[in-house]
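Please look at the sequence and the model below before reading on.

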Amino acid sequence: MHIPRYWRAQSQRYSLNGEICKQCGAILFPPRDICPECREWALEPFAFDFNDNDEIHPLFTHPLEVRGERLPQAMGMVKLGVSHESSSPLAVAETTT
Amino acid sequence: MRDVSIVGIGQTKVGEHWDKSLRQLATEAISAALSEAGLERADALYVGNMLSGEVSAQEHIAALIADFAGLRGIEALKVEAADSSGAAALRLGYMAVAGGLMDTVIVCGVEKMTDAVSSATAGAALALAADSDYETLHGLSSAALHALLMRRYMYEHGVKREDFALFTVNAHRNAASNPYAMFPRPVTTEAFLKAPMIADPVSLMDSAPLADGAAAVILCPGDRAHRCTTGAVRIVASAVATDSLAIHDRRDPLFLEAAYLSAQRAYQQAGVGSADIDLFEVHDAFTITAALSLEACGFAQRGQGVRLAQEGEIALDGRIPICTMGGLKARGHPVGATGIYQIVELVEQLRGQAGVNQVKNARLGMAQSIGGTGGTVITHILEAP
């Protein structure tokens, strides 16, 4: 199993950039260009407030071999910080202490 | 649209078939279904399968199976929708017959998981159903994704891990009388609690086993069903809905929106509600999936799916019997074939051929097949002859 090469060109992989829909205000992560709420194009970049992250219930699991190793890792659904919005997008991520 | 009936069924035992290939398993199921329908050929063959390329190094399997099943020349196509590939093939067959394009259609689901060189390979293959860029990339397996959901469910609804045990106990109790089941033996709550963890809180006993198997059904228009068999079971609803592949992309990860939508569409087509369904073949790939599916389909309130099991409502004599022949957990989960196994088992129930597992007075049966963590959900409702 290998990682697609276009991964390197996805800026949100390195900087966790999102998008905001100008039509309905939905904040999207990962960026998906067409808003799933109102179907308008949502191309405006959005920066998250990383001092406001709310981590949700991590778990330990053995990763797939895509990682090249099978040591247990801590994963979780993480609510991304959005200081001016009550509803924040979730991301699945490896958690660190 | 024409009425569509199922006039023949066939299945292989679910398990580890080290001595049989994917094409042999499919041929066995198709031959049994054709024989029961009293037919030698059909107009088309639709094959549901998820992983033949990844695990068996074989794509183009619809033509391959058509050839080896003695059906060379027939229209044959493969359909893929992760775990719900079998149900997706049935959906295609249903549309072909209902729309008047075909008169007799074979729908076969087949999967050969033991061709994977290791359990790690099989796990990586199954994870292809998840969002590759945002879930699989992190190394998250299917079990790990469901563990995220189960942990959140336990937190939000005040449920303990042991509360899920009765889904597993129920499935194994029903599998004990199913000659086609992979694990035809009961298990206890104690065994559930002692099971080793896969991804905490998902243990071996929460998780359906990967397996080999094939199942097939024969479809024909309702007004011609009497020519084939006396036990024709009508498909009164066939509905598909989709959601995001990634659980973090959903409005609420604990609500299977595609399960809700496909069930509502199916109820509307059949002109019924959840209270009219006599038995439900639920997609219990994980115990948390069974709970979420029961809630999305209207059999339980949000957070009450587990209570349904605790109160005995999912037993054969309960309000909504599930996994009546063992479900994915105990009959086994040959991924792309599972959706057709569910249909075969419903047909047995609705014909009154389920033996000691028979649900009394079963008139309407529902099956729901879930791809991945809920990206594709397909619901069928069948009516007794």
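## The largest pocket

Helix H5 (119-126), helix H6 (142-157) and strand S5 (197-199) of chain B each contribute at least two residues to the lining of the largest pocket. Helices (H or I, at least four residues) and strands (E, at least two) are DSSP runs, numbered from the N terminus. The model is predicted: local features need pLDDT of at least 70, side-chain atom pairs count only at pLDDT 80 or more, and totals for chains, interfaces and linings use all residues. Residues are numbered from 1 along each chain as its sequence is written, and chains are lettered from A in the order in which they are written.

Among the 46 lining residues, B:Ser119, B:Ile198, B:Ser207, B:Ala208 and B:Leu210 lie nearest the centre of the pocket. Domain 1 (4-118 + 210-233) and domain 2 (125-209 + 237-383) of chain B both give residues to this lining, so the pocket lies between them; the domain bounds come from an automatic or database domain assignment.

## A buried isoleucine

B:Ile277 sits in the loop between helix H10 (257-270) and strand S9 (279-281) of chain B. With a relative accessible area of 3%, B:Ile277 is buried (under 20% relative accessible area, with a 1.4 Å probe and protein chains only). The C-alpha atoms of B:Ile277 and B:Leu364 are 5.3 Å apart, although 87 residues separate them along the chain.

## Helix H1

Helix H1 (residues 22-37) of chain B has 16 residues. Its buried residues include B:Leu22, B:Leu25, B:Ile30 and B:Leu34. Just after H1(B), B:Gly38 adopts a positive phi of about 75°.

Notes
Side-chain values use heavy atoms; hydrogens and water are left out. On a 1 Å grid over the protein atoms alone, a cavity is a set of points where a 1.4 Å probe fits but cannot get out, and a pocket is an open set with protein on both sides within 12 Å along at least five of seven lines; lining residues have an atom within 4 Å of a point. Buried means under 20% relative accessible area, exposed over 50%, partly exposed in between (1.4 Å probe, protein chains only). The expected span of a helix is 1.5 Å times one less than its number of residues.
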